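Here is a short briefing on how a protein structure is put together. Look at the model first, then read the points below.

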Amino acid sequence: MLAVAISVAPAAEKAASKFESVSAFPGSVKLHAGREGHSLRVSGRDTDGFEQHLNGAKLVSDQPTIATINERGEIVGLKPGKAVVTATSEGQSATLAVEVVAAPDRGMSFQLDILPVLTRTGCNLGGCHAKPNGQNGFKLSIFAYDPKGDHYNVVKDGRGRRVFPAHPEESLLLKKATMKVDHKGGQRFEKGSEHYNTLLRWLKEGMPYEQPGEPKLERISVFPEQRNYRRGAKQPLLIRAHYSNGEVRDVTRLAEFDSNDKDLATIDEDGVVTVGSLAGEGVVVARYMGLVEISRVTIPAENTFPDSLYAELPVNNFIDELVYERLQTLGIAPSHSCTDAEFLRRVSLDIVGVLPTAEQARAFIGDNDPGKRAKLVDELLEHPGYADLWAGRWADLLRPNPQRVGVKSVYLLDEWLRDSFRRNKPYDRMVREIVTAQGSTHRYGPVVVFRDRRKPEDVGEWFSQIFLGVRMECARCHHHPNEKWGQEDFFQFAAWFKDIGRKGKGISAPISGDFETIFYRKGRDVTHPVTGEAMKPIPLGTKPVPVPDSSDPREALADWMTNPENPYFARAVVNRIWADFFGQGIVMPVDDFRASNPPTNEPLIDALAEDFVENGFDLKHLMRTIANSRVYQLSSTPNDSNVADTENYSRSYRRRLPAEVMLDAVADFTEAPLSFQGMPSGSRATATWNYKLGSEFLDAFGRPNSSAQCPCERDVRPSVVQALHMMHSNKLQAKLADKNGRAAKLAASGKSPEQIVQELYLSAYGREPRAEEIRVALTAFYGAEATRQTAIEDVMWALVNSAEFVFNH
Amino acid sequence: MTGINSNCAGQSRRDFIRLGLGGAAGLGFSDLLRLRANAAAATGQSSPNNVNCILVWLDGGPSHYETFDPKPEAPDGVRGELKSIKTSVPGTHFCETVPELAKVADKMTIIRSIAHKDPNHGGGNHYMMTGAPTPVPVGCGSFVTFHPSFGSTVSYHRGVKNGLPAYMTLDRVSRSGGPNFLGAQHAPFVIGGDPNRDDFQVRDVVLPREISEGRAENRRALRASLDQLERIHHKAAADPTVGFDSFYQQGVGLVTSREAQAAFDISKEDPKVREKYGRHSLGQRLLMARRLAEVGVSFTTIYYGGWDHHTKIFTSLPKHIKPLDQGVAALISDLDERGMLDNTMVIVLGEFGRTPKINKDAGRDHWPHAMSVLMAGAGIPGGQIVGATDVKGYHASENIYSPEDFAFSLYTKMGVDPTTVLHKNTGRPVQLVNGGAPIKELFV
C-alpha cells in the first residue's frame, strides 16, 4: 500500500549521494484548513537497497498561503487550495501533493477528540484511573472500552466537579493534568500544549459526547508496513486514522506503541523504532482507540552463506524447504543430522512417550535400511503408547477438577480422549464432538466440559483459546490491548453457548456424585456488559454465519470452526503439535495468535495447516510429516551460526521430559513397577487419568495442579525440587534396589560388568557407551565395599541423574 | 520499608554470633546463613528480607468464641459453655481452651476484627491463603486456585537459595496453598510424615537411610564423569541443561552441608525442647518448622485441620486445640528465647470464624463476619489486641480489616511489595494484592 502514492522527483546530483533515490510518505494529503497538521516521513534508498529514514529533510511549500510547514515539521493547511511540498535531503528531493479543503462545520467530540488524548496521556491506564475502583474517586474505563461511561465520569460524576464550564481553564481536569493542583499522577501535559488546547476547546464548546453525523473511525494504518533495517537504525513511524467519510488524520502523537521482541527492536512513546544488534524479524505494534496495526521490522543477516550451502542440504519434505529458506534469510546454517541412536530416543519419547529398549536400540542402530527412520515413525504411530501420550496432552487442555465435577465424569472424559486417539479420530470430528456434546455426564465423556464451565462467557473464552489459538480473556472486560478484539467480539462468541440446558444435580463439590444432563434449550441472551445489548452468536473476526433458530447453535459453530477455510482452527492445532515436537511453537505462546505476535515462519505454519486440512485433519499424518522432516532430525549440538537461534529450528532444542514421561522412563529403566491409587500395579504414569492421584514425583516435575482451571500450563523448567527428588528420594532408591528390578536381575545374571554397563547405556540413552564411559562406570564395581548390586545401582543412579536422561535432545 | 521493624539490635547480633559459631563446614550454604546474619548485625535491625514465616493453617475455620474472642457477656445460646481466662496481659482474656497461649499473650497480637463474606470452605480457604477472593462462588468441598498463595509468592520473590526450597509445608498442602500461574517450582515442598515418629525423615533433602555418605559421594563422582551431554554455555542458546546443573550443584550443597543436615534431623533436638512442644505430630511439626526457619526456609505452612465444629463444639474443640495450644505457645517462647522472634513471623488462622448462634447439634456453623488471627514476631507488638467484635461476637466492629489488609501486612513484613503487578501466562496483569492497606497496629 505504501508504494502507491509516492511520487519521486529525479535528483540532479545523484552521483554525489550515497542514496539512489529519496521518497516521501504519504504521496498526497488532504487537510482541513486551520486544523491539526499531518507529518510525513522522508526515506532514502541506499545503494544496498535499504530504505533509511532521513531526519531533518528540508520541506518547502510552493503555496505558503495555502499550506505551510509548522515548527514540528508538519504540513498545516491554511486555506482551501492546492500546493506541492518538496522534501529535500541528501541533495535529492521528493514531492508531495497537498489539498486543503475547508474544515467541516463540526464541533469537538468527546468520542472523536478527547478520548484519544486521555488514552495517549495515560489517564486510563490500568494502574491509574482505570483501576477497578478508579483513582482518588475518578474512574475511567481501561483502554476507553466504555466511552459513554467515561464521558459521564468526566462531565457529570462527583457533581460535575471535574469540569467548570463557566471558566473552562479552571476545570479540575486541566488543573490536575497540568499540576496546577496536586496530582498523584504528575503532570500529564503543559498548559498551552496541543493536548491542553484540545481539551480546552472541547470544554468551551460545552463538552459534547459526539457531533451529529460525525465520522466513525474505521481503521488505522502504519508507515512503514515493513522495512529492512540496518543494525542500530532509527525509524519514526507514522500512524494514520481513516474515517468513514474518507478523512485521514495523522494520529502518531495520540497512538501508543509496543515491541514484541525488545532484543530485536525497541520503540519509544513517540513511535520511534530503534533497531538492536541482532538479525531477525519482529513487529512493533501501534494502538489507537482500540485498533491495532503492526509494522514489520526485518534485520537481515550481515554474514550470509552462499546459496550452494542451502541447495545441498537434504530435503525430506516441504518443512525442510521452508525452514531452510528462513535460515538463509537470517544467515544461519543448520546443525548436522542427529545420530540414529539420538533419533530413535527422540522420536520414541515424542510420539509415544516411551524410552526405547536396549533391544530396540541395538536393532535400530544395526539396521542398514536407508528408510529405517521413516519406518520407525510409522511403527511408533501404531504403538499403544501413542494414544496415552496424546490423550494426556489434550487432557491438559480439557480435564476439569474431579473434586468439582465428579470423579466418574472426569474418568469418562479421559476414556473418551484415549479412545479418540486410539482410533485416530480426525481432529475436526473430535473437536466437533466436544463442542456439540450433549447427554449425560455419566455416559458420554465430552459432556463434562459443559458441566465444568457453566457460563457461556467461560466456555467461549476457553474454547477460543484451546481450539482457535485466540486469547479473548482481555476482551471480556475491555478492548484487547494488542489485538483487534473488543468486548463485542468476546460476547458474540460467548453467545454460541447460550442455548445449553442443564438438568440434574449440578455441581455439588467435593463429590458431585450425581450426573447432569446437557441438552439444547433456548437460554437467556448473552448481553454486552456496557451497552446491555443482546449479542448474536458470531464467529471470531468474520461475518455472521446462518444460525438456525430452532436447533442448537453449537452445530453451526462447529461447522464454522472445522471448515477447511477457517483461518484459526488448523493453524492452532498444527502449531500445538509442532511445539510438542520441537519444544518451541511457530507461534509462542502456542495459543496466542495475533497480529502483534506473528509466527516466526509464516509460510511454514500456513503450509502445515494446509497439508493438515488436505489430509482430512489427520493428526498422525501431521506427526509423520513433522517427524520425517530433516529439520526434526537435526542434532542439538549447535554450530557458530545457530548457537543463538531458539526459534527458527536450525538445531534441535533440548526439552526436559514431561512429568509422566519422565516417571515412566525411570520405571522402565529401573524395571520397578509404578503404583497409583485406584489403578492396577504396574500402570504407567501416562495412563493416569486424574491429576489428584498422589505423586511427589509428578508434582515435582510440573504436572498441572488439579485445583487450577484448564488450559493448564505445564511447568517444563528444571528445578531444584526435581534435582533433590532424583538424587535423594527414598522412592527412587527403592526402585533402584527393587528385588525384581533391573539392578537385581543384572546382578544375578552371568553378565560381565562391561556387558552390564552396555545394557544400562542402551536402556537409558539408547546408545552404546564409549570406551571412556565404560572405563569410568566399571570403577563402581571395584570399590572396596561394592557388590554387583550396589555397583549397578550406583551406575544407574548416575545415569538417571544426568542431562542425557532427563532431557530429550 | 526500613523503620517498620525497628527493635532489638541486640537480638539480631546474638543471632549472628550463634550462627557464626556453628558455621564449621565452609560451604556456600553456611556462607548464606552468615551473610544473612551479618546483614542483620550490620544494620542493627532485622530487615523484612530476613523475615521467615511459619503459618499454622487451621483448616475448617476455628471458632473465635472458643479461642481468642470469648464473649462471657453474650446471651445464652451464643455465649457457649466454656469460660474465659486471664492472660499474661492485664485486661485481656482468652477462652479457657488456650491456657498456654494465654501465658505468652504478651508476645503476640490477636486480631479480632478480620472479616470477609465467603462462608464456604473452598472460597474462605482461597481468600485467607492468597489474599484474593475467588472470582466465582466456590463450594465447600472445592480445592481451587485462582491466585498464588502467600508462600508461593514469597518463594517467587526470594527464589531458591542453595538448594533449599523457599516454601515448605508439613504435612500436606492446604487447599489453595499452590503457586497458580507462578509455576510448579513455587509449589510448596511437601514434607509428609509424622516428625514425632522415630523413623521420620525429611524427604529428598537428606540421603536415603541405606545410602552412606561415602556411597553418595561415589555416586556423585560417577555422575560427574558420566554426564557427558555437551552443555551449550552461550547464553543466547538458552540451554536448559545449564540451569539443570546449577540445581544439582545446589542440591549437592544442601546434602553436604552439615548445618542444613543437622537442621533436618529433629532427633538432634534437646529432648526437653521436644517435650515442651509436645510429643505429638503437631508439636513436632511446629518444632520442625522452627528448625527449617533456622536454616533459612522462608515460608513454612503447618497444616492442622479438623476445625469444622458443626457438632459438639464444647467437647471436641477443647480436645482438638490442646496440642495447638501447647505447640504454638512453645514455638513462640522458643523463638523468643533463641532471639529468632524478630526474624520469624508466626501466624495462626483458618478460613473464617463460626456462627454466634449455637445450633441444634451443639455446634457452630461457618461465619466469615468475624474471625481471630494470631500474629507474633517480625516486630509485631506483643500483648496487643487489634480490633474487636460486638458484644455478642456477631460482627467485627472496631478497626475492621479485610483479608486484603492482612495480605498487604504479611507481604510488607516479609519485604514483598504488595502493590506488585504480576502477569498471568495469558499476559494479563494481576495485582498481587488488590487494594488493601497495612494493618497499622502491626507496624508500630
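Predicted model: local features only at pLDDT ≥ 70, side-chain atom pairs only at ≥ 80, totals over all residues.

Chain B has 12 helices and 16 strands. The contact between the chains takes 56 residues from chain A and 54 residues from chain B.

**Nonpolar cores**

- In soluble globular proteins, nonpolar side chains tend to be buried together.
- The largest nonpolar core here holds 263 residues.
- The members that touch the most other members are A:Val574, A:Val795, A:Met796, B:Val56, B:Ile347 and B:Met375.
- Helix 11 of chain B, residues 313–337, gives the most to this core, with 10 residues.
- Another core, of 72 residues, lies apart from it, and its members include A:Val42, A:Val117, A:Leu199 and A:Ile294.
- Which residues is A:Val574 in contact with, leaving aside its neighbours within four places in sequence? They are A:Ile605, A:Leu608, A:Ala609, A:Phe612 and A:Leu622.

**Where the chains touch**

- The contact takes 54 residues from chain B.
- On the side of chain B that touches chain A, the elements giving two or more residues are helix 6 (213–226) and helix 7 (240–256) of chain B.
- Helix 7 of chain B gives the most to this side, with nine residues.
- By type, the residues on this side of chain B are 25 nonpolar, 19 polar and 10 charged.

**Chain B and its helix 5**

- Chain B has 444 residues, and 55% of them count as buried.
- Among contacts in chain B with a separation of 6 or more, 70% are between residues 24 or more positions apart.
- Why is helix 5 of chain B (residues 150–158) largely enclosed by the rest of the structure? Eight of its nine residues are buried, so the rest of the structure largely encloses this helix.
- The buried residues of helix 5 of chain B are B:Phe150, B:Gly151, B:Ser152, B:Thr153, B:Val154, B:Ser155, B:Tyr156 and B:His157.
- Their cover includes helix 4 (121–130), strand 5 (167–170), strand 7 (299–303) and helix 12 (403–413) of chain B.
- Just after helix 5 of chain B, B:Gly159 takes a positive phi of about 75°.

**Helices 7 and 21 of chain A**

- Two packed helices are described by the angle between their axes and the distance between the axes.
- Helix 7 of chain A (residues 318–330) packs with helix 21 of chain A (residues 602–614) at an angle of about 165°, and their axes are 9 Å apart.
- Helix 7 and helix 21 of chain A are therefore roughly antiparallel to each other, and their crossing is right-handed.
- From helix 7 of chain A, A:Phe318, A:Ile319, A:Leu322 and A:Val323 meet A:Pro603, A:Leu604 and A:Ala607 of helix 21 of chain A.
- The residues of this contact are seven nonpolar, no polar and no charged.

**Helices 14 and 19 of chain A**

- Helix 14 of chain A (residues 427–435) packs with helix 19 of chain A (residues 553–562) at an angle of about 155°, with axes 9 Å apart.
- Helix 14 and helix 19 of chain A are therefore roughly antiparallel to each other, and the crossing of this pair is right-handed.
- A:Asp428, A:Val431, A:Arg432 and A:Val435 in helix 14 of chain A meet A:Arg554, A:Leu557, A:Ala558, A:Met561 and A:Thr562 in helix 19 of chain A.
- The residues of this contact divide into five nonpolar, one polar and three charged.

Key:
Residues numbered from 1 in each chain as written. Chains lettered and ligands numbered in written order. Core = buried A, V, L, I, M, F, W, Y, C linked by C-beta atoms within 7 Å. Buried ≥ 20, exposed ≤ 12 C-beta atoms within 10 Å, placed from the backbone. Helix = DSSP H or I, 4+ residues; strand = E, 2+ residues; numbered from the N terminus. Contact = placed C-beta atoms within 7 Å. Nonpolar A, V, L, I, M, F, W, Y, C, P; charged D, E, K, R; others polar. Axes fitted to C-alpha atoms, helices over the stretch in contact; angles between N-to-C directions. Parallel < 35°, antiparallel > 145°, perpendicular 65-115°, else oblique. Left-handed = near helix turned anticlockwise from the far one by under 90°.
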